[in-house]
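Student: I have a structure open and want to learn how to read it. Can you take me through it feature by feature?

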2 protein chains.
Amino acid sequence: MRKENKITPWEVSGEVDYEKLIKDFGVSHLKELPRVFDENVLFRRKIIFAHRDIQRILETIRAKKPFVMMTGLMPSGKFHIGHMILAQQMVFYQKLGARIYIAVADLEAYNARGQSLEESRKIALEEYIPNYIALGLKPINCEIYFQSERSKDFKKANAYYRLQNVLARHVTFNEFKAVYGDINPGKMLSALLQASDMLHPQLREFEGQIPVLVPVGIDQDPHLRLARDISKRVKGFTQLSSTYHLFVSGLGGGKMSSSDINSYIALTDSEKEVERKIKKYAFSGGRATLKEHQEKGGNPDVDVSFQYLKFFFEPDDEKLQKIYQDYKSGKLLTGQLKEYTIKKINSFLKKHQKNLGKAKKKIKRYLR
Amino acid sequence: MRKENKITPWEVSGEVDYEKLIKDFGVSHLKELPRVFDENVLFRRKIIFAHRDIQRILETIRAKKPFVMMTGLMPSGKFHIGHMILAQQMVFYQKLGARIYIAVADLEAYNARGQSLEESRKIALEEYIPNYIALGLKPINCEIYFQSERSKDFKKANAYYRLQNVLARHVTFNEFKAVYGDINPGKMLSALLQASDMLHPQLREFEGQIPVLVPVGIDQDPHLRLARDISKRVKGFTQLSSTYHLFVSGLGGGKMSSSDINSYIALTDSEKEVERKIKKYAFSGGRATLKEHQEKGGNPDVDVSFQYLKFFFEPDDEKLQKIYQDYKSGKLLTGQLKEYTIKKINSFLKKHQKNLGKAKKKIKRYLR
């Protein structure tokens, strides 16, 4: 049964028609990227598939000038493989010279979900930040901050919140409604604080006017639209650039969700848990019987194990292509595909979990 | 012609029916105050005439425990005698042991009036703050801050703005509409920041939970109502207390306004300006002709010169009473009343302006 499609920054349900979203949201297909981008699986395989104003960032990289990559995290539950898309982009852009700004959206979690600031802090410090570090994020040119506590530098702290208040004059209630649909004061403050998150790196207390790239899941585009509209009306800001990535499938299909333990593979899952989850829950594109599968072939495009290989765990294009063909022809069976995926995930997690132990000791160097 | 009565935090027009406001706003008459209050003209003459929860402050004073007096200033034009009511209360409560918090409402001026932060800063530093100091405000237990730059202590800065964001979850759009009537995002952010102004002294980064008194003109009560309603829903706050004072008449009647130079006496006006303004503009309760005045008597209750004596410049009750009677009987003529008022104002301003010169050098000791 196909559920009604609903995409807002606070809810994603039903099947996602990305082409329709590109059209509805007015974003552009991502194409003709420099080689360094194509070396990255996320770009090469069009997992990052759309953008606004990416040219400005590409020109900045070409001219070897500084730029900022700004992103946020909504602290919720376990850090899972769905969170890796953003983490990998942090590492990618940091290597390209970007200054990395990461907002822990604890005030948004409070205002939109009623989650306490303490709970958000705990999750960010125990789950998200150590995993970013273990995935390769470096402390240089990187600042991770809490929305509720922007900076230990009083000038920066004042400037960030001042901007939130100043932006309020340049937006109307109707714009909030048009962008978000349902709105209340808490969500409105969150949206303005998010706009400040995206724009404040350009304040003189931070980097000064500078190109800023905000990579997001396409469900977060409303925040971008609003911040872009507002920034046009305030002096001193270069327009924001953004890229959009596909959702990572949950084990059973749909979006991977921190609130459903059987929808995700956490980066702290044990070998056995990974095996159990993939075997028991990973939605398969295989046929009902072995015989039918061998005769008619499976469907790798809806197979969740295949998606995980494609997104994260099989960087070798030839191998991935062979798996795709073999599964489609029926030569590769669902059990075999799952076994291969389990092996690849566990090999990755073994190394990652070793790094994670060390990462927890380094957190302080990332907080500003 | 009687204009339609309109009282909001951003507009006061028409004649003011204070008894109706007391009833409409649900505040209480101020009565039975300790002697130290009665020694103050503003209380003795019921210029400060109403309150909410003043008992808590009186008990705190009686128990010699600490409390906070919190107020704000909207930087606009010249500092005039209408601004003295609040300044005198700052000095009064500071002597009673209160910690004084003063917010320069520069973000509200930006969001509600479109005044730049630079302009607000200039007016606060050149007009309001030196006049507070010259009127007797001491730097100890006093902090004056800008809404756009709360503190040089990063913990305090973060805490103040965090509170603004946290409070947003505890209020609805309908409450804003009920309290303010017309509302837009800028005004909503201002209202939440004002709530944070009033409540943040109780955060652990500041004084911790403590009684807070907010003296205001009755037109500012909507801010109080909203802050009180919100604070009931958030843990850790003692309910706010407040007092309400009468408006100071402009020279021609109505509210004294910084935007109409001929409505006010600035504390920097020269002797000649004072003389000219009182003679030319001060609304008189006198009769049309000398003969009629002597026969029927004048009306001190609407006479602006008399109001200024009553509010500020004639502390001697007996003398004031005699002036009242003599004017009412027709014995005291309008010209004589004006001459007396001019003399009293100029005597006050001469001393004040001498203090003002010294005050400008002391400003830094008041800013936090």
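Student: How many bridges join β8(B) to strand β9 of chain B, and do they run parallel or antiparallel?
Tutor: Strands of a sheet pair through backbone hydrogen bonds, either parallel or antiparallel. Here, β8(B) and strand β9 (residues 241–245) of chain B run parallel, joined by five bridges. One pair to find on screen is G217(B) with its bridge partner in β9(B), H245(B). Keep in mind that this is a predicted model.

Student: What does the chain pass through on its way from β8(B) to β9(B)?
Tutor: Helix α11 (residues 221–232) of chain B lies on that path. The β-α-β crossover is right-handed.

Student: Which other strand pairs with β8(B)?
Tutor: Strand β5 (residues 68–73) of chain B does, through two bridges, and the two run parallel. Look for V68(B), whose bridge partner in β8(B) is V212(B).

Student: Where does an antiparallel pair turn up?
Tutor: Go to strand β4 (residues 48–52) of chain B. It pairs with β9(B) in the antiparallel sense, over four bridges. In that pair, A50(B) has Y244(B) as its bridge partner in β9(B).

Student: Is strand β8 of chain B mostly covered or mostly open?
Tutor: Count the buried residues. In β8 (residues 212–217) of chain B, five of the six are buried, so by the cut-off of 20 or more other C-beta atoms within 10 Å the strand is mostly covered. Take L213(B), which is found in this strand. L213(B) has 25 other C-beta atoms within 10 Å and is buried.

Student: Why is β7(A) described as largely enclosed?
Tutor: Four of the five residues of β7(A) are buried, so the rest of the structure largely encloses this strand. β7(A) is joined by five bridges to strand β6 (residues 99–104) of chain A, and the two run parallel. I100(A) stands opposite C142(A) in β7(A).

Student: How do I check a helix by its length?
Tutor: Helix α15 (residues 317–329) of chain B has 13 residues, which should span 18 Å at 1.5 Å a residue. Its end C-alpha atoms are 18 Å apart, which agrees. After α15(B) comes G330(B), with a positive phi near 95 degrees.

Student: Into which domains is chain A divided?
Tutor: Domain 1 covers 6–246 and domain 2 covers 261–356 of chain A. Their centres, taken over C-alpha atoms, are 30 Å apart. Across the boundary, 12 residues of domain 1 of chain A are in contact with 13 residues of domain 2 of chain A. On the domain 1 side, helix α7 (residues 117–134) of chain A gives the most, with three residues. By class, that side has seven nonpolar, three polar and two charged residues.

Student: How many residues of chain B are in contact with chain A?
Tutor: 27 residues of chain B are in contact with 27 residues of chain A. The elements of chain B giving two or more residues to this side are α6 (106–113), α8 (154–168) and α10 (185–199). α8(B) gives the most, with eight residues. The chain B side divides into 13 nonpolar, eight polar and six charged residues.

Technical notes: Residues numbered from 1 in each chain as written. Chains lettered and ligands numbered in written order. Predicted model: local features only at pLDDT ≥ 70, side-chain atom pairs only at ≥ 80, totals over all residues. Contact = placed C-beta atoms within 7 Å. Nonpolar A, V, L, I, M, F, W, Y, C, P; charged D, E, K, R; others polar. Domains from an automatic or database assignment. Expected span 1.5 Å × (residues − 1). Buried ≥ 20, exposed ≤ 12 C-beta atoms within 10 Å, placed from the backbone. Pairing = 2+ DSSP bridges. Right-handed = clockwise from strand over helix to strand, strands pointing away.
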